[in-house]
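Student: Please take a close look at one helix-helix packing in this model. I would like the geometry first, then the residues involved, and then some context from the rest of the chain.

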Amino acid sequence: MTTLKVGIADYEEMKARTMRIARGEERPAPDDPKVWFTSTESFAKVLSAGNRELLRVIHDQAPASLEELSQITGRAKSNLSRTLKTMAGYGLVHMEKGQGLKLVPKVAHDRVELVLPLTARTAPRKAAGGRA
């Protein structure tokens, strides 16, 4: 398994960074976060104790379908589907095709590393050609 590096940046900050990268004014470093949350609250909600337990159950018990995961956890299939879709959007899980039309949840990473600047926003990196 691998570590997923995540960062926290508000929407405007993420949009500005994306535009700098698109214009060639900034280069993302290989160790930059691959996934971004808009707030520490959204990060905490997605990786709540209950959701981390759900990831542990998926990893340890390898359910063959959402139905089986629902039986194991006691959570409604619709609730699980919504939660897993959110987690998939952040790269925490992925859904594989199972037997028939069944979807099989798989945990994508075994660790999450949070990059959280406390005092300043990250300065743009220099692009090829020396501009910042």
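Tutor: In this predicted model, helices α4 and α5 are roughly perpendicular to each other, because their packing angle of about 110° falls in the range of 65 to 115 degrees that counts as such. Helix α4 covers residues 66-73 and helix α5 covers residues 77-89, and their axes lie 9 Å apart. On the α4 side, the contact is made by Leu66, Glu67, Leu69, Ser70 and Thr73. Their partners in α5 are Lys77, Leu80, Ser81 and Leu84. By class, the residues of this contact comprise four nonpolar, three polar and two charged.

Of its 132 residues, 30% are buried. Among contacts between residues at least 6 apart in sequence, 65% join residues at least 24 apart.

Another helix, α3, takes part in the lining of the second largest pocket, where α3 (49-61) and β5 (111-115) are the elements that give two or more residues. The largest share, four residues, comes from α3. This pocket holds about 270 Å³ of space. It is lined by 13 residues, and the closest to its centre are Leu55, His109, Asp110, Arg111 and Val112. The lining divides by class into seven nonpolar, two polar and four charged residues.

How values were computed
Residues are numbered from 1 along each chain as its sequence is written. This is a predicted model: local features need pLDDT of at least 70, side-chain atom pairs count only at pLDDT 80 or more; totals for chains, interfaces and linings use all residues. Side-chain values use heavy atoms; hydrogens and water are left out. Axes are lines fitted to C-alpha atoms, for helices over the stretch in contact, and angles run from 0 to 180 degrees between N-to-C directions. Angles under 35 degrees count as roughly parallel, over 145 as roughly antiparallel, 65 to 115 as roughly perpendicular and the rest as oblique. Contact means heavy atoms within 4.5 Å. Ala, Val, Leu, Ile, Met, Phe, Trp, Tyr, Cys and Pro count as nonpolar, Asp, Glu, Lys and Arg as charged, and the others, Gly among them, as polar. On a 1 Å grid over the protein atoms alone, a cavity is a set of points where a 1.4 Å probe fits but cannot get out, and a pocket is an open set with protein on both sides within 12 Å along at least five of seven lines; lining residues have an atom within 4 Å of a point. Grid points are joined across faces, edges and corners, and a volume is the space filled by probe spheres set on the points. Buried means under 20% relative accessible area, exposed over 50%, partly exposed in between (1.4 Å probe, protein chains only).
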